Amino acid sequence: MKLWNRASGNLKDRNSVWIANMSRRTQTRNPDLEAAIIKATSHDETYLDYRNAQRVFAWVRTSPAHLKPLVFALSKRMEKTRSWVVALKGLMLMHGIFCCKIPVMRRIGRLPFDLSNFSDGHSHLCKTWGFNGFVRCYFAFLDQKAYLTSMEAKEDENRAQKSNESMLQELIKLQQWQTLLDMLLQVKPEAAQMKVGLILEAMDCVIVEIFDVYSKICNGVARILVKIYAAGKVEANTALKVLRRATVQGDQLSLYFELCKNLGVLNAAEFPKVEQIPEEDIRELEQITNGSSEGKTIVVRQSGSVEKGEGTNEEVLKTVISRRWEQFDEQLSLRGSNKEGIGASDGGKMIVVEKPSTETRNSTRPHGYLLLPDLITFV
């Protein structure tokens with residue numbers, strides 16, 4: 001039966017290529033591109049045609065005019081197929097086109113075909129249910145990625161006319177990326193017989209995408225934490241939800257990578273260890289949402305304000321802010337040999353320290369550090 005399916009699939013691919021070559025070249029049809037797409041999405045589950053896939057990528061990179069023939073040919077093939085092999089190869093081809101980072105692809109919006117209810121028609125459901133679910137999850141992820149990418153493209157176009165986005169907008173965007181990561185984590189083999197080359201190849205693509213999405217989430221969380229003490233209660237509550245969800249996703253990622261390593265997915269072995277968000281950051285954010293962060297002070301430094309070395313005498317802008325007192329030091333001369341100044345080498349990150357008491361401020365300082373005068377005090 002398996003040999004018969006392979007032979008009939010090969011015959012279908014040859015007939016499709018012949019029909020494509022006989023078609024007329026128009027604005028929406030390119031016979032050569034159509035033939036390359038058919039070959040790159042063949043029915044052979046043991047072979048992935050990288051050569052024709054690269055030809056498709058090269059066509060799209062060459063000119064935006066090739067996008068319409070690409071969408072026409074790939075959509076037509078995806079809508080007609082009842083084979084999980086063809087459907088999965090088509091999704092991988094579409095994923096590769098997105099990874100080419102062609103400007104016109106950022107505005108494509110939703111995918112031009114629908115595989116949300118895909119079901120293989122060449123074998124019994126008891127044998128193909130796992131492949132069907134894999135194709136549906138992969139499609140759901142790619143469709144959402146296309147939508148988010150198009151929304152980002154619109155925001156980039158309007159950025160010149162708008163001011164910087166608010167913290168709440170950044171948090172909403174982070175939640176969207178977290179939803180996309182959840183969709184990615186659903187793309188995995190569920191059945192025992194799914195350890196085949198084509199599935200492992202698709203999992204390699206998913207692992208790379210997970211790294212990209214999770215990096216965006218981590219960078220976004222870092223930006224939010226720097227500004228969180230100036231946020232309102234709504235923003236703080238939303239940020240707390242984002243952090244808690246990121247903690248759960250970190251645990252899920254570790255389990256996902258272990259599964260991929262056991263399956264033999266190559267990129268999973270090279271993936272770095274997932275760093276969890278410290279519990280201290282979550283507890284601190286909970287205190288802000290509860291209004292109990294009175295005893296904390298935020299020190300914000302200009303990026304790159306690091307003073308080290310011999311004979312340095314640099315001008316540093318420094319601001320210390322809390323709810324009870326404010327202190328400004330516009331000009332601070334650091335003296336001493338081989339001493340590290342108050343502007344520590346933290347790259348301009350926010351530092352949270354306990355509010356100093358009167359005794360601490362009047363105590364003896366280490367050699368090379370200057371006592372900052374209390375210029376403004378609110379009791």
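Me: What is the accessible surface of the protein, and what share of that surface belongs to carbon and sulfur atoms?
Reply: In this predicted model, the accessible surface comes to about 21,400 Å². Carbon and sulfur atoms account for 53% of that area.

Me: What share of the residues counts as buried?
Reply: Of the 379 residues of the protein, 42% count as buried. The label requires a relative accessible area under 20%.

Me: Which secondary structure elements does the protein have?
Reply: The protein has 12 helices and 5 strands. Among contacts between residues at least 6 apart in sequence, 76% join residues at least 24 apart.

Me: What makes Leu88 and Tyr138 stand out in the largest nonpolar core?
Reply: That core has 86 residues, and Leu88 and Tyr138 touch the most other members. Helix H8, residues 197-227, supplies the largest share of this core, with 13 residues.

Me: Which residues does Tyr138 touch, not counting those up to four places away in sequence?
Reply: Tyr138 touches Leu88, Leu91, Met92, His95, Val187, Ala202 and Cys205.

Me: Why is Tyr214 called buried?
Reply: The relative accessible area of Tyr214 is 10%. Buried means under 20%, and therefore Tyr214 is classed as buried. Tyr214 is found in helix H8. Leaving aside neighbours within four places in sequence, Tyr214 is in contact with Leu181, Gly250, Leu253, Val274 and Glu275. The C-alpha atoms of Tyr214 and Gln178 are separated by 8.1 Å, although these two residues are 36 residues apart along the chain.

Me: How do you know that Asp182 and Arg245 form a salt bridge?
Reply: Their side chains meet at 2.7 Å, N to O. A salt bridge requires a distance within 4 Å, so the pair qualifies. Asp182 lies in helix H7 (residues 167-185) and Arg245 in helix H9 (residues 233-263), so the pair ties together parts that are 63 residues apart in sequence.

Me: Why are Asp182 and Arg245 each called partly exposed?
Reply: Asp182 has a relative accessible area of 23%, and Arg245 has a relative accessibility of 28%. Partly exposed lies between the buried limit, under 20%, and the exposed limit, over 50%. Both residues therefore count as partly exposed.

Me: How many salt bridges does the structure hold?
Reply: The structure holds 8 salt bridges. One of them joins Glu34 and Arg29, with the closest N and O atoms 2.8 Å apart, and both of these residues are buried.

Me: What makes the Asp32 and Arg25 pair a salt bridge, and is each residue exposed or partly exposed?
Reply: The closest N and O atoms of Asp32 and Arg25 are 3.3 Å apart, and the limit is 4 Å. Asp32, at 37% relative accessible area, is partly exposed. Arg25, at 53%, is exposed because the value is over 50%.

Me: What makes the Ser42 and Lys89 pair a polar contact?
Reply: The side chains of Ser42 and Lys89 make this contact at 3.0 Å, and the cut-off is 3.5 Å. Ser42 is found in the loop between helix H2 (31-40) and helix H3 (50-62). With a relative accessible area of 10%, Ser42 is buried. Among the residues that Ser42 touches are Asp13, Tyr47 and Arg77.

Me: Which residues make a nonpolar surface patch?
Reply: Trp18, Ile19 and Met22 make a patch of about 390 Å². Ile19 lies in helix H1, residues 2-22.

Definitions and conventions:
Residues are numbered from 1 along each chain as its sequence is written. This is a predicted model: local features need pLDDT of at least 70, side-chain atom pairs count only at pLDDT 80 or more; totals for chains, interfaces and linings use all residues. Side-chain values use heavy atoms; hydrogens and water are left out. A nonpolar core is a set of buried Ala, Val, Leu, Ile, Met, Phe, Trp, Tyr and Cys residues joined through side-chain atoms within 4.5 Å. Buried means under 20% relative accessible area, exposed over 50%, partly exposed in between (1.4 Å probe, protein chains only). Helices (H or I, at least four residues) and strands (E, at least two) are DSSP runs, numbered from the N terminus. Contact means heavy atoms within 4.5 Å. A polar contact is a pair of N or O atoms within 3.5 Å; within protein, one must be able to donate a hydrogen and the other to accept it, and residues adjacent in sequence count only if both atoms are side-chain atoms. Patches are made of residues with over 30% relative accessible area and no salt bridge: like charges are joined within 9 Å, nonpolar side chains (Val, Leu, Ile, Met, Phe, Trp, Tyr) within 5 Å. Accessible areas come from the Shrake-Rupley method with a 1.4 Å probe; for residues, only the protein chains shown count as cover.
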